[in-house]
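Hi everyone, thanks for coming.

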Amino acid sequence: MAAPASSLRYRDKVAIVTGGSKGIGEGVVRVFVQNGAKVVFCARGVDEGKKLESEVNAAGPGESFFIPCDVSKEDEIKNVVVKTIEKYGRLDCLVNNAGMHPPEEEIDDITADHFRNLFNLNLINYFLFSKYSLPHLRKTSGNIINMSSLVAKIGQLHAVPYVTTKGAIDAFTRALAIDEAKHGVRVNSVSPGNIMTPMWQQLADASGNPEAMIQGGADAQLNGRFGTLEEAGQMCLFLAAEGTFCTGNDLLLSGGAELNYGCKNQLKERTNIYE
Ligand SMILES: NC(=O)c1ccc[n+]([C@@H]2O[C@H](COP(=O)([O-])OP(=O)(O)OC[C@H]3O[C@@H](n4cnc5c(N)ncnc54)[C@H](O)[C@@H]3O)[C@@H](O)[C@H]2O)c1
């Protein structure tokens, strides 16, 4: 049953969600549209994007509009913002989400080009989307939500470039929040722990023992499960719609994965961790 108009938490607001065709971005698109927003989302996969667009538009009560975009290309990023303003005439929220996590890698095997390319994909795209969106967000006292990661805070085995890009996103969020306060624009980040998405599944598949990796991923949380796309979308909706005192803040979406002691000693056999 459709929600009554009065309970729609982001009615007629306009949002851009990058990497919105699947995973966490898809969760954000769905939750925002369910709450009455007009959501422009972008990704590279045209078929997936068009399919999600028709599905969420059929359900309403808001609407979505898909624009193909490779977020490693500045002209394509600019195009998404221009088309959004052409279609809807305003912008209230930018959710910088598109990014990737390479399979496990150690520093001896990482080239400078690989590191640079990941910075371009995970960080520079957030910078460029913010830069082109801010003139419009300043007019609406809008907000930016940057998808960071829990691992920016606690690190992660065999993931130096990825963790570094997410740490930079945290610093970017705080610095931009300071500069944009005078324009009334809030800038925050969300740091997921383990959310089951196509990216998580791909990392598990590349690990050699996907079942064990997925079980380990679930067991890392206090409640023994992964977070969902809906829960990620709800966290972003809170920041966009109600979190009016939040700026320069990072919200953990982690199921408590960062709590408690565990065996961190890599010199010890992993099979003995509970002895
Ligand atoms: N899934 C998790 O557990 C988790 C944890 C922490 C942080 N994150 C972060 O959340 C964000 C989304 O991750 P996810 O797990 O949903 O990933 P995903 O791979 O399932 O989805 C990523 C989305 O980004 C898009 N994308 C990737 N590269 C792109 C490019 N060059 N141009 C345009 N779009 C591109 C994809 O099309 C897709 O829509 C990422 O920034 C990721 O680092 C995820």
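Okay, let's start in helix H4, where aspartate 113 and arginine 116 are 3 residues apart, so about one helical turn separates them. When I say helix or strand, I mean DSSP runs, helices being H or I with at least four residues and strands being E with at least two, numbered from the N terminus. Quick housekeeping: this is a predicted model, where local features need pLDDT of at least 70 and side-chain atom pairs count only at pLDDT 80 or more, while totals for chains, interfaces and linings use all residues. Residues are numbered from 1 along each chain as its sequence is written, and side-chain values use heavy atoms, with hydrogens and water left out.

Back to our pair. The side chains of aspartate 113 and arginine 116 form a salt bridge, 2.9 Å from N to O. A salt bridge here is a side-chain nitrogen of Lys or Arg within 4 Å of a carboxyl oxygen of Asp or Glu. Arginine 116 is exposed, at 54% relative accessible area. For these words, buried is under 20% relative accessible area, exposed is over 50%, and partly exposed is in between, using a 1.4 Å probe and protein chains only.

Now, which side chain does arginine 138 meet in a salt bridge? That's glutamate 180, at 2.9 Å, N to O. Arginine 138 sits in helix H4 and glutamate 180 in helix H6, so the pair ties together parts that are 42 residues apart in sequence. Glutamate 180 is buried at 4%, and arginine 138 is partly exposed at 33%.

There's also aspartate 92 with arginine 90, whose closest N and O atoms are 2.5 Å apart in their salt bridge. Aspartate 92 is buried, with 2% relative accessible area, while arginine 90 is partly exposed at 34%. Glu26, Arg30 and Glu55 are linked in a salt-bridge network, and the count by this rule is 12 salt bridges.

What glutamate 105 does have is a side-chain polar contact with histidine 114, at 2.8 Å. A polar contact is a pair of N or O atoms within 3.5 Å; within protein, one must be able to donate a hydrogen and the other to accept it, and residues adjacent in sequence count only if both atoms are side-chain atoms.

On to the ligand. How many residues surround it? There are 29, and the closest are Ile24, Asn97, Tyr162, Ile195 and Thr197; a residue gets in if one of its heavy atoms lies within 4 Å. H7 gives the most to that shell, with 3 residues. Tyrosine 162 has a side-chain N or O atom 2.6 Å from an oxygen of the ligand, and a polar side-chain atom of arginine 44 is 3.3 Å from a ligand nitrogen.

Last, the backbone. Most residues other than glycine have a negative phi, and most peptide bonds are trans. Serine 141 has a positive phi of about 50°, and histidine 158 has one of about 55°. Glycine 60 and proline 61 are joined by a cis peptide bond, with omega about -5°. That's me done, thanks!
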